[in-house]
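I opened the notebook to look up charged side-chain pairs. The structure goes in below, and my entries follow.

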Amino acid sequence: MKESNGGERRPIGHIAFIMDGNGRWAKQRGLPREHGHRFGVKAFERILEHCRDLGIGTVTVYAFSTENWKRPQKEVDAIMKLMDRYLAECEKNMDRYRFRFVFLGDKSVFDTERRQRMERLERTTADHERILNIAFNYGGRDEIVHACNRLIAAGVECVDEATFASALYTASSADPDLIIRTGGDLRISNFLLWQAAYAELYFTDKLWPDFGPDDLDEAIEDFYTRKRRYGGV
Ligand code: IPE
Ligand code: IPE
Ligand code: MG
């Protein structure tokens with residue numbers, strides 16, 4: 001396959017997903033919002049598998065934001081329970097996709113058991129080549145402030161871009177090439193504020209539980225039509 005500029009088409013290095021629309025998906029079916037999240041996990045697993053098949057090196061998913069704590073307790077509890085179930089499942093099945101797990105966000109708010117599970121998964125998959133970043137209790141502004149405080153605590157007095165990037169939760173990943181948001185809203189909602197500087201943005205009305213491999217292929221086709229200039233000509 002050829003790129004629009006005639007060059008060989010290489011797999012995209014890093015795709016990030018704002019997995020939005022679970023609540024509306026459930027509402028459309030007369031179901032409680034929590035059901036949407038349950039089907040959202042299934043959609044995520046299908047997409048992750050497809051990303052692996054396409055040879056995508058880094059996948060990032062926005063699963064829970066620093067602002068999502070504002071939701072009704074019942075919904076927050078349901079999302080936490082889904083995460084716990086997913087963590088347990090991954091521990092049993094670690095080699096399934098051979099991704100290295102990285103959790104983006106402040107883990108200190110979670111109870112010891114959840115935090116230890118996350119850290120254990122990060123440790124035991126650390127030698128896997130492909131990266132799966134799961135943004136959970138993640139906010140772009142929170143990440144930037146956290147990075148500043150880390151650097152201050154380390155006694156750094158002056159930073160350049162590379163040093164700053166190394167203090168972010170995403171230190172192990174290159175910047176995203178493509179950010180896909182489902183659910184029809186045209187905004188970033190505090191996701192990867194620093195890292196998105198030159199990402200290509202793709203928005204679709206599809207609600208996340210309905211977003212499948214064909215939709216991802218379509219987004220990727222669109223990506224290959226873009227001319228990335230990075231400020232040049
Ligand atoms: C995204 O779906 C998942 C999370 C934010 C946890 P939403 O729950 O925001 O679904 P909508 O946008 O209300 O439909
Ligand atoms: C963004 O979706 C966060 C996640 C997908 C985890 P939201 O539903 O929280 O975003 P807003 O509130 O529509 O901006
Ligand atoms: Mg939403």
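**Charged pairs**

I began with aspartate 185, which is partly exposed at a relative accessible area of 24%. This is a predicted model.

I looked up its partner. Aspartate 185 makes a salt bridge with arginine 187, with 3.4 Å between the closest N and O atoms. Arginine 187 is partly exposed too, and I noted a relative accessible area of 45% for arginine 187.

Next I took the total. I found 18 salt bridges in the structure.

I turned to arginine 33. Arginine 33 pairs with glutamate 75 in a salt bridge, and their closest N and O atoms lie 2.7 Å apart. Arginine 33 sits in helix H2 (residues 33-54) and glutamate 75 in helix H3 (residues 73-92), so this pair ties together parts that are 42 residues apart in sequence.

Is glutamate 75 buried or exposed? I checked: glutamate 75 is buried, with a relative accessible area of 3%. The cut-off for buried is under 20%. Arginine 33 is partly exposed, at 35% relative accessible area.

My last entry is on glutamate 221. Its side chain meets that of arginine 9 in a salt bridge, at 3.1 Å from N to O. Glutamate 221 lies in helix H7 (residues 213-224) and arginine 9 in the segment before strand S1 (14-18), so the pair ties together parts that are 212 residues apart in sequence. I recorded glutamate 221 as partly exposed, with a relative accessible area of 39%.

Methods:
Residues are numbered from 1 along each chain as its sequence is written. Chains are lettered from A and ligands numbered from 1 in the order in which they are written. This is a predicted model: local features need pLDDT of at least 70, side-chain atom pairs count only at pLDDT 80 or more; totals for chains, interfaces and linings use all residues. Side-chain values use heavy atoms; hydrogens and water are left out. A salt bridge is a side-chain nitrogen of Lys or Arg within 4 Å of a carboxyl oxygen of Asp or Glu. Helices (H or I, at least four residues) and strands (E, at least two) are DSSP runs, numbered from the N terminus. Buried means under 20% relative accessible area, exposed over 50%, partly exposed in between (1.4 Å probe, protein chains only).
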